[in-house]
Amino acid sequence: LSYAVFVAGTVACIADGAAGLVVVDVSAPDAASLVGAYKTPAYAKGVYVLGDTVYVAGKLQMYDITVKSSPVLLGGYDTPGTQYSSARDVSVSGTTAYLVDFYGRLQIYDISVPPAVTLVGSYNAQGGLLGVFVDSATSTAYVANQYSGLYIIDVSTPSGPTLLGKLQGSFYDVFVVGSTAYVSAGGAGLHVIDVSTPASLAISGTCATKNAMSAYVVTSTAYVADFSNGLVMV
């Protein structure tokens, strides 16, 4: 099962559950081909790419994909949970990685030395965390919670994250552009939320989709992973 994908140039890195990290050449979209893979120690459920380094959520793992056909493990961290119920998503800013898990924890790691990753902070947002997006410019983490909504968290001090605002709901993933958050809300569709004032959040618009699980926004187009409905562009 493919849980997440991150496209960087002509390469798509896929968090492929039990299969681990899968690297696909998408230079010819109509003839995409598998070029590399690495069996991760836990189900791969989230992926983030920065340069030639891939970060995988399951257990936190970092891989060098300079040679796409042979990913090389750089280091990682044995995050809490079993191989099946561990970290669900990952976002990276500089030398810091942010993971969320289904137990409700936002975990913050110093990844400046990959063989010696250290946990530097955490925030408990109750159970059901599925998605995380970090705005590097404002040191703000946006966390999607299946049971209790959207959390906006100040992570400027990694050792002491603080809640800035929260919107109740059932959300699966979040993508932020400027002061607008695009929140995937399953059967409720894709919500558009003004996050310029975190203490006063409200849904400003919704695009009806069958089952929005994740979204990626480029200019004025949102690419929505709509579960059984496939990829929907709005």
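## Exercises on a predicted model

The largest pocket holds about 1,500 Å³ of space. This is a predicted model, in which local features need pLDDT of at least 70, side-chain atom pairs count only at pLDDT 80 or more, and totals for chains, interfaces and linings use all residues. Residues are numbered from 1 along each chain as its sequence is written, and side-chain values use heavy atoms, leaving out hydrogens and water.

**Exercise 1.** Find which residues are closest to the centre of the largest pocket, and which strand gives the largest share of its lining.

*Solution.* Start with the term: a pocket is an open set of points on a 1 Å grid over the protein atoms alone, where a 1.4 Å probe fits, with protein on both sides within 12 Å along at least five of seven lines; lining residues have an atom within 4 Å of a point. The volume is the space filled by probe spheres set on those points, which are joined across faces, edges and corners.

Next, look at the centre: of the 38 lining residues, Tyr3, Ala4, Val5, Asp173 and Ser214 are the closest to it. Then turn to the strands (DSSP runs of E, at least two residues, numbered from the N terminus). The largest share, five residues, comes from β9.

**Exercise 2.** Work out which strands pair with β18 and how many of its residues are buried.

*Solution.* Two strands pair if DSSP finds at least two bridges between them. On one side, five bridges join β17 (residues 173-177) to β18, and the two run antiparallel. Five bridges also join β18 to β19 (residues 190-194), again antiparallel.

Finally, check the cover: four of the five residues of β18 (180-184) are buried, that is, under 20% relative accessible area with a 1.4 Å probe, protein chains only; exposed means over 50%, and partly exposed lies in between.

**Exercise 3.** Decide for two loop residues, lysine 59 and glycine 187: buried or exposed?

*Solution.* Lysine 59 sits between β6 (53-57) and β7 (60-64). Its relative accessible area is 12%, so lysine 59 is buried. A polar atom of its side chain lies 2.6 Å from the backbone oxygen of threonine 79.

Glycine 187 belongs to the loop between β18 and β19. Here the relative accessible area is 62%, so glycine 187 is exposed. Leaving aside residues up to four places away in sequence, glycine 187 touches Thr209, Lys210 and Asn211, where contact means heavy atoms within 4.5 Å.

Key: A polar contact is a pair of N or O atoms within 3.5 Å; within protein, one must be able to donate a hydrogen and the other to accept it, and residues adjacent in sequence count only if both atoms are side-chain atoms.
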